Amino acid sequence: MLYFDVDFHHSLLDLTARGMVWLTVNPAQLGAAGAAMAGHPETAYVAAMTGSANLYASVLSPSTEALYDYLTTSIAQLPGLSEVETILVMRTV
């Protein structure tokens, strides 16, 4: 297996708002929700996981306003979604 990972400064693409999003999704719809979210242009990384939140995503947006719109439209419509927790990344060290 070959895996590539590229780090870049998000401002190069005018993506200045970065969020970490934990979602709680009905297990029967986890695959569908994860696949849908992986298809969103805002997502850099999506993973199913264990714990009270069972889906995680790293998201990038051009502004906090655009991130808010993404959270309240595209994410809000994911199948089986019951909870969302979002943390804004202030600075990567």
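**Reading contacts, strands and rings**

Modeller: The backbone oxygen of Ser52 lies 3.1 Å from a polar atom of the side chain of Thr24. A polar contact here is a pair of N or O atoms within 3.5 Å, where, within protein, one atom must be able to donate a hydrogen and the other to accept it, and residues adjacent in sequence count only if both atoms are side-chain atoms. This is a predicted model, in which local features need pLDDT of at least 70 and side-chain atom pairs count only at pLDDT 80 or more, while totals for chains, interfaces and linings use all residues. Residues are numbered from 1 along each chain as its sequence is written, and side-chain values use heavy atoms, with hydrogens and water left out.

Biologist: Which residues does Thr24 touch, not counting residues up to four places away in sequence?

Modeller: Contact means heavy atoms within 4.5 Å. On that basis, and with those sequence neighbours set aside, Thr24 touches Ser52, Ala53, Asn54, Gly80, Leu81, Ser82 and Glu83. Thr24 itself has its place in strand 1.

Biologist: How many helices and strands does the secondary structure of the protein come to?

Modeller: Helices (H or I, at least four residues) and strands (E, at least two) are DSSP runs, numbered from the N terminus. The protein has two helices and four strands, and along the sequence these follow the pattern β-α-β-β-α-β.

Biologist: In what order do the four strands form the sheet?

Modeller: In general, strands of a sheet pair through backbone hydrogen bonds, either parallel or antiparallel. Two strands are taken to pair if DSSP finds at least two bridges between them. In this model the order is 2-3-1-4, the sheet is open and the pairing is antiparallel. Strand 2 (43-48) and strand 4 (81-89) are the edge strands, each pairing on one side only. From one strand to the next the twist averages 15°, with axes being lines fitted to C-alpha atoms, for helices over the stretch in contact, and angles running from 0 to 180 degrees between N-to-C directions. Strand 1 (residues 17-25) pairs with strand 4 in the antiparallel sense over eight bridges, and Gly19 stands opposite Leu88 in strand 4.

Biologist: Which strands does helix 1 lie across, and which does helix 2 lie across?

Modeller: Helix 1 (residues 30-38) lies across strand 1, strand 2 and strand 3 (55-61), and runs at about 165° to strand 2. Helix 2 (residues 64-72) lies across strand 1, strand 2, strand 3 and strand 4, running at about 140° to strand 3.

Biologist: Does Leu55 count as buried or exposed?

Modeller: Buried means under 20% relative accessible area, exposed over 50%, and partly exposed in between, with a 1.4 Å probe and protein chains only. Leu55 counts as buried because its relative accessibility is 1%. Its place is in strand 3, and, leaving out residues up to four places away in sequence, Leu55 touches residues including Val21, Leu23, Leu30, Ala33, Met37 and Val46. Of the 93 residues of the protein, 29% count as buried.

Biologist: How many aromatic pairs does the count come to?

Modeller: Rings of Phe, Tyr and Trp (its six-membered ring) pair if their centres lie within 6.5 Å; planes under 30 degrees apart count as stacked, over 60 as edge-to-face and the rest as tilted. By this rule there are two aromatic pairs. The rings of Trp22 and Tyr56 have their centres 5.4 Å apart and their planes at 55°, so this pair is tilted. Because Trp22 lies in strand 1 and Tyr56 in strand 3, the pair ties together parts that are 34 residues apart in sequence. The rings of Tyr45 and Tyr56 are also tilted, because their planes stand at 55°, with centres 6.2 Å apart. This pair links distant parts of the chain, Tyr45 being in strand 2 and Tyr56 in strand 3, eleven residues apart.

Biologist: Which residues do the ring pairs link into a cluster?

Modeller: The cluster consists of Trp22, Tyr45 and Tyr56. Tyr56 counts as buried at 13% relative accessibility, whereas Trp22 is partly exposed at 24% and Tyr45 is partly exposed at 46%.
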